[in-house]
2 protein chains.
Amino acid sequence: MGILDTNGRASFLDAKLNKINLFENAQMFCDLYCLEPGQEQKVHEHADATKFYFVLEGRVSITIGDDTQDVAPRGLGWSAPGEPHGVRNVGTERAVLLVSMAPHPRFGGTAKP
Amino acid sequence: MGILDTNGRASFLDAKLNKINLFENAQMFCDLYCLEPGQEQKVHEHADATKFYFVLEGRVSITIGDDTQDVAPRGLGWSAPGEPHGVRNVGTERAVLLVSMAPHPRFGGTAKP
């Protein structure tokens, strides 16, 4: 449905990680997640959806199930339905991730904290 | 279901674009598309799936519907179900794209040339 330049789209919040939606429909969404050092998305799960984190900038710690690893740009973590996942900026620089989930949880999926 | 480093995963074929699968299940797949200069994925459509191209390296021409644009790294093109899409490496360097589709067409979706 479109062609866009994601350069310059990242923006950050002091209070928490910032999610910048790039596109979405019922089948999937694609976001930029922007994390200041120390910010995180707490480990959580989606019963009915698959999700991935792809690191564009910075150094983050990704948790997928029982596995937690420090990940540099071009690192990828993905979770199957029902599998716990989370990410934390463990570096000293801002981190930017490309994040996609399918199907879109707002169109029928469920999230558990 | 896993954490992986995609650095060094790109590889190229003389004959055609090379697709490197990073992960897949019924809900989505994620690939690297690796294109030598001049290589392309011809415009096609998937009746039942959403797809995106995200440029990691190189300069490509992305077609989404009636729109065709030259795109640099961090450019993104996405197609809704039934919408024509394709990509061609119009630069002088190799191109690498992160590509994801949902749901996975092999698990029930259809592709039309």
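Let me start with one term: a strand here is a DSSP run of E, at least two residues long, and a helix is a run of H or I, at least four long. Keep that in mind. The model is predicted, by the way.

Chain A first. How many helices and strands does chain A have? The count is 0 helices and 11 strands. Read along the sequence, the pattern is β-β-β-β-β-β-β-β-β-β-β. The radius of gyration of chain A is 13 Å, close to the 13 Å that the globule rule gives for 113 residues, so chain A is as compact as a globular protein of that length.

Now the box. Along the principal axes, the C-alpha atoms of chain A fill roughly 35 × 35 × 25 Å. Of the 113 residues, 37% count as buried. Next, contacts inside chain A. Take those between residues at least 6 apart in sequence: 65% of them join residues at least 24 apart.

On to the partner. Here, 34 residues of chain A are in contact with 34 residues of chain B. Which elements of chain A give two or more residues to that side? They are strands S1, S2, S5, S6, S7, S8 and S10. S8(A) gives the most, with 5 residues. By class, this side of chain A has 19 nonpolar, 11 polar and 4 charged residues.

Stay with S8(A), residues 75–79. What joins S8(A) to strand S1 of chain B? There are 4 bridges, and the two strands run antiparallel.

Key. Residues numbered from 1 in each chain as written. Chains lettered and ligands numbered in written order. Predicted model: local features only at pLDDT ≥ 70, side-chain atom pairs only at ≥ 80, totals over all residues. Contact = placed C-beta atoms within 7 Å. Nonpolar A, V, L, I, M, F, W, Y, C, P; charged D, E, K, R; others polar. Pairing = 2+ DSSP bridges. Rg over C-alpha atoms; globule rule 2.2 N^0.38 Å. Buried ≥ 20, exposed ≤ 12 C-beta atoms within 10 Å, placed from the backbone.
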